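Q: Could you walk me through how to read a few features of this model?

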Amino acid sequence: MSRYVCVHGHFYQPPRENPWLEEVELEDSAHPYHDWNERITAECYSPNSASRILDAEGRIRSIVNNYASMSFNFGPTLLSWLEHHAPTVYEKIREADQESVRRLSGHGNALAQGYSHMILPLAWPRDVRTQILWGIEGFRCRFGRDPEGMWLPETAVDTRSLEALAELGLQFTILAPHQAARTRPLDGGQWADVGEEQVDSTRPYLVRLPSGRSVAVFFYDAPISRAVSFENLLVRGDSVAQRMLSAFDRARGRPQLVSVATDGETYGHHHRHGDMALAYALQRLASSGVEIVNYGEFLERPPPTHEVELVEGSSWSCAHGVERWRADCGCNSGAHPEWSQAWRAPLRRALDQLRTELDAGYEERGRELLVDPWAARDDYIHVVLDRSQASLRRFVSEHSAHELGSEEVTTALKLLEMQRHAMLMYTSCGWFFDDLAGLETVQVMRYAGRAAQLAQELFADGLEDRFEAALAEAQSNDSRAGDGRSIYRRQVLPGRVDLPRVGAHYAVSSVFSPERGPDRVFCYTVRDEARQRWRSGTMTLDMGRVQVASELTREAAQLGYVVMHLGGHNVVAGVAEGSGEDEQLLQAAGAAFSRADIPETMRLLEEHFGGLRYSLASLFRDERRRVVNSVLEATMEDLESHFQRLFQQHAPLMQFLVEGNVPLPKALRAVAELSFETQLRRLLSSEELPVSKLRELWTKAREWELQLDEAGLGYAMEKALERAAAHSKEQGPDPRALERFYSAAAAVQELALPVDLHNAQNVCYELLTGYYPERAAAAAAGDSAGGRWVELARALGGVLRVRVPD
């Protein structure tokens, strides 16, 4: 009996990017990380690219790339984020697929995924094909090969989606066992009902389609997958391996595959160190004679001998088929069992109504510019993946109905961007959770808002009013949030971006970064063409002209701007399309400002710019935080200096109180906490850590039982350790660099702050495996530098729990 195991991870994050900026903005709830993508990368995606296997003493024995030993799919939008924000992890994922192709007869571990996580059985027919096609093309771009299989969002399946898979050359998908209705041998015989998860998941099946095509289906082992996801099986890797081994049955007398499928985030984000349990389990299984394969490899070895009929319109995460994404079926997160999801149906109706209008306008305007608007939409993924001028030229050349001028190219791109957001607004997460006002649901409204904005610019007066009226039928469970229209107006419309808003962002931002040249503001380029500055005491007045262009639609505008900075956070700005120049009026405004006549200055500027509508609040979130921090810097320095003087003045008294076991009064405690935290942060930002001073301060903070921001300090400590690790990696066998690394690691151990050692341990492992034998030989030959390096390396390995080579 041949035994095989395949573990599949569905790695996916609800989309978080601002639809107008194409970037994930600052998310305070992810503190100390910038956003949740970054946080989950640190907890899951990165650890799985370098997972630890420990020895009996709990030291790191080896580091392995889990992606090389498991089947996986990444949401295309998540993979794009990783490419730009975590390139090392992104490359490790790609390398793992390449390694699996070499190891498994040309079959790679990576699978494709429907592009924007749309529930395909509920999708419009054209969208089904486009979603699959975009997923395939995105996969080819990332992995350099054709995908063999595809993960269907939420494993939601019907005959139409399987027909599209087969037509586009995909061989298989993965489903939940309850999605199987009945099976029989391929050579005929009686159908056997396999409801209630009774299907034999150790073999693949063939689905014969009405077109005559077929698709193979793998069903994962539901009990093991549930135990991995929800029953703490990942506490021990040995338990995972034992559970999988127990699923084999010698009585079957044929090759068997134990297939486990879960959210990829299970391994590290949902279950801390779940990646390590997986790595150990896979190694233990391999040592037990089990072959670790992927689905493509197994499908080739014993081709399907049975066919299956599926439960039409079913999924892995809704007991009622696909009702979770259109009705109040009872499926929810469980966080608010008393809440209703009656809002789901009117939300989908509102989006369907909007979609009908968008498609009609797209087809009508599209035919004026494109040979076949729908074929152009299918092919537009190549522009999405490569926004270069050369890529756009190729696309326009292939699809334009006639030679297009620059304005016509912009119109075509707006139409296509409208269609992209019209698909994104059906992202499944919008219906998955509990309330209309939830982040994920607001996000799909934001996509709808971007699509509606483009439609209004192109062809559809009143479209957005009709959409809002339809949204009003959906009610939040939170009376404060109100209905869908209220949520849309409060949380979507204020974030809308156009070229003047980008120009205003640039102009206001430049007050605090006056030396800026040509700039990229997310997916826009800004070129400063002229600028004048007037001063009046500490106040400044800037007037100038910029060229702003969208990298997505190529829409461009020349904008005149004015920014008046009255000190601190008091900024007012105006933007006007065109050159913005009326030299006489501008000079009059400058003269009025120079004599500190602010009312006259504002009157002249409001006359010219039609009002000063912008302020510091108009900045996009990340830049607003940066500028606010800059504005606060002087204030905070004054406060910190004042508190430091208070602390020094009263430190002897506080020490006396602590030694006498007298609780510090609230006011004195606040002084001490701010003083200690400020000092610690400054020390942690030093290029080389002053370990003795850190130790002294931290020890005293513990003695005084101060409540400090341990998460923030731990993150700062983590970055300091990583700086020392990177320096040591660059210097290789230099004992001075290694000593700096060791000192930082020892400080981390001593201070016991919550520090993620993952990256530092990776560097330590590389140094030990790469240099230790050579340095040990040099030390044995009497080389003092080699001896010192070996001494430090052994100490570093002890602190970071990395086994030193024999």
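Q: What do the buried residues of helix 23 pack against?
A: They pack against helix 22 (621–659), helix 24 (691–703) and helix 25 (710–731), where contact means heavy atoms within 4.5 Å. Among these buried residues are Leu-668, Phe-676 and Leu-684; buried means under 20% relative accessible area, exposed over 50%, partly exposed in between (1.4 Å probe, protein chains only). Helices here are DSSP runs (H or I, at least four residues), as are strands (E, at least two), numbered from the N terminus. Bear in mind that this is a predicted model: local features need pLDDT of at least 70, side-chain atom pairs count only at pLDDT 80 or more, and totals for chains, interfaces and linings use all residues. Residues are numbered from 1 along each chain as its sequence is written, and side-chain values use heavy atoms, leaving out hydrogens and water.

Q: How do I read a pair of aromatic rings?
A: You describe it by the distance of the centres and the angle of the planes. Rings of Phe, Tyr and Trp (its six-membered ring) pair if their centres lie within 6.5 Å; planes under 30 degrees apart count as stacked, over 60 as edge-to-face and the rest as tilted. A search of the whole structure turns up 29 aromatic pairs. Take Phe-11 and Phe-74: their ring centres are 4.7 Å apart and the planes are at 10°, so they're stacked. Phe-11 is in strand 1 (residues 3–11) and Phe-74 in strand 4 (residues 71–74), so this pair ties together parts 63 residues apart in sequence.

Q: Is Phe-11 buried or exposed?
A: Phe-11 is buried, at a relative accessible area of 0%, and Phe-74 is buried too, at 4%.
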